[in-house]
Amino acid sequence: MADLNKKILTMPDLPNTIQGDGRYFLSLMRKYLKSVNEQVNVANGFTADDVDASTKGDFPMPKNFTLTFDRLGGVLNWDAVDDDSLAYYELRTDANIGAGYGLLEKTTATSSTILPQTASGKIYLFAVSKDGKVSNGRTISYNKRRPAAPSDISLTKNNEGTLITFLEIPSNCIGANLYIDGIKYQTVDNVYLYPKSNIKEIYIAYYDQFGEGERAYLSCYVPDVTGFWVEKNGANLYFYWDALNIYNIKYVVKVGQTRDWEQGIEIFRSKVNKYRYIRPNEGDCYFMIKAVDDHDNYSVNATWYLLSADPEINKNVILDYNQKDVGYSGIKTNMYYDSAMGGLRLEKTSFNGEYLMGITLPQTIRARNWIDCKINAVTSSSIAVKDMDFAVESYEAQRVLVCGILGDLDGVELQKQIARYTGKTTDIIHAVTDGTSAISSGSIREERNTSFSQVRWNKGVLITDTTQLEYNVNIPDTFSIGFWFKKNDVLNDCIIMELWGTKPNGRDYMAVKDMTFAVNSYDAQHLSADGIFFNIILVIGYDKRLDSFYVRDSVHNRILYLQLQTTERDWLFFGLSQSSDKRLFFIHEFNLNTEKRLQVFMNPCSSFDRMYLNPKE
């Protein structure tokens, strides 16, 4: 069957007079009339080949053979053959008239809903007379696309269960399959009422005559609550936890003598991530929390907090530090003490300054992750309102404190460190603290030209080009280490810290006859010619070209890079952790209060017996 397309016809440019025998004129007219004939056939739904074919068969051929898809499935339609001797129409997937294989249907109707099982194929239509004559075949080639996944899925809880809605079913699909918690349900509408309120997960897919389309997935998984803690304050308990980013989520809190959620007693529910509750009877209590959504899906695990019956320590402490009496002897940054004024001033070229002072609390305070502070101005000045000679709305009046002394606290911020880390008995090493180079559980290997200077909260070692500070240590292959780093100027390429190790198998020397490893093994690569293991080095440094801090070692090819924005004068905290299969590199920047971290799967490279703190380019 020829493929013809619709097109616009125009009259040919005919000559005004016919010269010669008129063959040129006849060729133009013949070409034009052929095009007109083709377009008339196209408009009538058949081609010239169809017309010719209908005259060559033994029986008239059906016309206007079409295939359409709607909500009930696919439908084949054609015009009836105008012949009283018609016996039936035969629909097939091939042209083998009369054969059982490939037969779809024999019918006397002019439509059929019997289609092949596949979404693409070819259908043949033949007309057969009572005396066995067969027409030429009409054919339709089709290729129906697989239905796309539904969108706009919504779950709404009501008194009868859960109303599930999604985007309207396409006009060429029959309905939708819903798989709710592993059980299949079917609907011919885009609204379905599920008789239960609890749904954990749901898949939805449209289906047509040939099967199911792409599936859309919606999970109702509720994660565990994090950051849960409880604080006593007099007769009240204050509960805090991290909020979950789930619409209309609620939190359930229970109390019990154990961490068993089922045995606990529910004490309150809340939609926000903090709550105040009247303190229960004295005694150790486990407080537990789970999140629950609109469909009664709870967190899998309960997060708990043990509140002991220890005597309560007052959290409100009033301290009085008179810095004027000591000449503001704390750490001043971009500030200086003006004795004439009796206070601090900013340097002329500075827009902000900092003053650090040490505070010692008179009692032990239970640590928590936040602390309330307030700046108050206190004075013994006897200045009175009647002594003020400026207008109420003047510049001076705006800077008069409630106590009557002139000053300005606008823009002053109070930053604090709750407690300085002083080490634990389980620490492998603890070095460079309190303005000394001393080390616990190790020894100083070499120390030259060291001096000590303020880092941030405490003093640290100031290392210059002529400084050497090396330690003998015993760091295992899995470890965690952290340290502060003060940046006074623009950084160039430098090495900040080095850890050295030489014993992959815990031995310093090995004879050839004792070597049991392969030639290309890890051990062989770190063995020198005389049988002594090469140094294995782990380095923390800075790459100026990449503007990144890095961690690398002499065993693995991969380097961990962290790019962090810093100010010209800044403080950084470095953290490095190595587990049995992962390495974590962490940096916290103080001025801009930013942090970056990178974790990769990486095996330990070695244990270490030397540590070098000699920053160098």
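A salt bridge is a side-chain nitrogen of Lys or Arg within 4 Å of a carboxyl oxygen of Asp or Glu. The legends below describe close-up views of a predicted model.

**View A. The salt bridge between Arg92 and Asp94.** The side chains of Arg92 and Asp94 are joined with an N to O distance of 2.9 Å. Both Arg92 and Asp94 are buried. The structure holds 13 salt bridges.

**View B. The salt bridge between Asp581 and Lys582.** The closest N and O atoms of Asp581 and Lys582 lie 3.6 Å apart. Asp581 has a relative accessible area of 31% and is therefore partly exposed; Lys582, at 27%, is likewise partly exposed. Elsewhere, salt bridges with shared partners link Glu90, Arg92 and Asp94 into one network.

**View C. The salt bridge between Glu212 and Arg215.** In this pair, the closest N and O atoms are separated by 2.8 Å. Glu212 counts as partly exposed because its relative accessibility is 23%, and Arg215 is partly exposed at 44%.

**View D. Phe549 in the largest nonpolar core.** This core comprises 36 residues, of which Phe549, Phe574, Phe585 and Met611 touch the most other members. Beyond residues up to four places away in sequence, Phe549 touches several residues, including Leu491, Ile496, Tyr542, Leu572, Phe574 and Phe585. Another core, of 19 residues, lies apart from the largest one and has Val225, Trp241, Val253 and Ala291 among its members.

**View E. Thr333 in strand S22.** Strand S22 spans residues 331–333 and contains Thr333. Thr333 counts as buried because its relative accessibility is 8%, under the 20% limit. Apart from neighbours within four places in sequence, Thr333 is in contact with Gly353, Glu354 and Arg569.

Terms used. Residues are numbered from 1 along each chain as its sequence is written. This is a predicted model: local features need pLDDT of at least 70, side-chain atom pairs count only at pLDDT 80 or more; totals for chains, interfaces and linings use all residues. Side-chain values use heavy atoms; hydrogens and water are left out. A nonpolar core is a set of buried Ala, Val, Leu, Ile, Met, Phe, Trp, Tyr and Cys residues joined through side-chain atoms within 4.5 Å. Buried means under 20% relative accessible area, exposed over 50%, partly exposed in between (1.4 Å probe, protein chains only). Contact means heavy atoms within 4.5 Å. Helices (H or I, at least four residues) and strands (E, at least two) are DSSP runs, numbered from the N terminus.
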